[in-house]
Amino acid sequence: MKKFATTSLIISALFFGFGCNQQEGAVEEAQETNEQAFEDTDMEETQDDLSEFMTKAASGGMMEVELGNLAQQKGQHADVKSFGKMMVDDHTKANNDLKNLAGQKGIVLPDSMGEDHMDRVTELREKTGADFDKAYMDLMVEDHEEDVSLFENAANNLEDADVKTFANSTLTVLRQHHERAKQIKDVLDNQNR
C-alpha cells in the first residue's frame, strides 16, 4: 500500500510539474525530469551535471541544424551556404551521438530547442539577402564561442568518462566551426565597407 501511495505521488508530481512547466521551455522540462529521476540517489549530483550539459548541448545542436538549413535556403554568399551545409552535416552527427550517449546514461533530452535558441531562429527567419548572411555569421561566431566554452567546461569538469570523451571530440569540430565562422564574417564585413 505504501509503495502504491508513493508511486501515485510521483506520478501526480510529474503531471503537475509538466503542466506548470509548459511555459519554461523544453530544456528546463528535460532538466527537471532528469532531476526527479535521480533525486535522493548517490548519483544525483553527477547526473544533474550531465543533464545540464547534455540538455543545453542538445538544444544548441538542434538550433545549428535548423539555422544551417536556413542558411542553405536563404544565404546569398556561397561561403554562407557552404557553412550552413557543414553545420547541418556536423551537428546532425553530433546530435545523434549525443542522443545515443544520453540513452546510455539515462538522461532525457529536450524534444525541441530551448526558448533562447528558438528566439534566435525566429529572428533569422525574418532576414533576407545580405542582412541574413551578416546576421547568421555574426550569430555563428558568437554561438560557437559559447559552444566551445560549454564543451570545454564539460571536458574538464564532468566526472563521466564517456561524456568527457564526447565533449572532447566534439570540441575539436566546434573550434573548427568557430574559426571558419570568423573567416566568413571577416569576408562579409570587408565587402560591406
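Q: Is Asp133 buried or exposed?
A: Burial is read from relative accessible area: buried is under 20%, exposed is over 50%, and partly exposed lies in between, using a 1.4 Å probe and protein chains only. Asp133 counts as buried because its relative accessible area is 2%. Please keep in mind that this is a predicted model, where local features need pLDDT of at least 70 and side-chain atom pairs count only at pLDDT 80 or more, while totals for chains, interfaces and linings use all residues. Residues are numbered from 1 along each chain as its sequence is written, and side-chain values use heavy atoms, with hydrogens and water left out.

Q: Where is the place of Asp133 in the chain?
A: Helices (H or I, at least four residues) and strands (E, at least two) are DSSP runs, numbered from the N terminus. Asp133 sits in helix α6, which covers residues 129–157.

Q: Which residues does Asp133 touch, not counting those up to four places away in sequence?
A: A contact means heavy atoms within 4.5 Å. Leaving out those sequence neighbours, Asp133 touches Lys74, Gly75, Gln76, His77, Val80 and Leu188. Take Gln76: 57 residues separate Gln76 from Asp133 in sequence, yet their C-alpha atoms are 6.6 Å apart in space.

Q: What does the side chain of Asp133 reach?
A: A polar contact is a pair of N or O atoms within 3.5 Å; within protein, one must be able to donate a hydrogen and the other to accept it, and residues adjacent in sequence count only if both atoms are side-chain atoms. Here the Asp133 side chain reaches the backbone nitrogen of His77, at 2.8 Å.

Q: How many helices and strands are in the protein chain?
A: You can find 7 helices and 0 strands. Of the 193 residues in the protein chain, 41% are buried. Among contacts with a separation of 6 or more, 74% join residues 24 or more positions apart.

Q: What volume does the largest pocket have, and which residues lie nearest its centre?
A: On a 1 Å grid over the protein atoms alone, a pocket is an open set of points with protein on both sides within 12 Å along at least five of seven lines, whereas a cavity is a set where a 1.4 Å probe fits but cannot get out; lining residues have an atom within 4 Å of a point. Points are joined across faces, edges and corners, and a volume is the space filled by probe spheres set on them. The largest pocket has a volume of about 220 Å³. Its lining has 14 residues, and Lys56, Ser59, Gly60, Asp116 and His117 lie nearest the centre. Helix α6 gives the largest share of that lining, 4 residues.

Q: How do the lining residues of the largest pocket divide by class?
A: Ala, Val, Leu, Ile, Met, Phe, Trp, Tyr, Cys and Pro count as nonpolar, Asp, Glu, Lys and Arg as charged, and the others, Gly among them, as polar. The lining of the largest pocket has 2 nonpolar, 5 polar and 7 charged residues.

Q: Which residues line the second largest pocket?
A: Among them are Asp90, His91, Phe166 and His177. Helices α4 (78–105) and α7 (161–191) are the elements that give two or more residues to this lining. The space in the second largest pocket is about 160 Å³.

Q: How many cavities of 30 Å³ or more does the structure hold?
A: There are 2, and the largest cavity has a volume of about 110 Å³. The lining of the largest cavity divides into 7 nonpolar, 5 polar and 2 charged residues.
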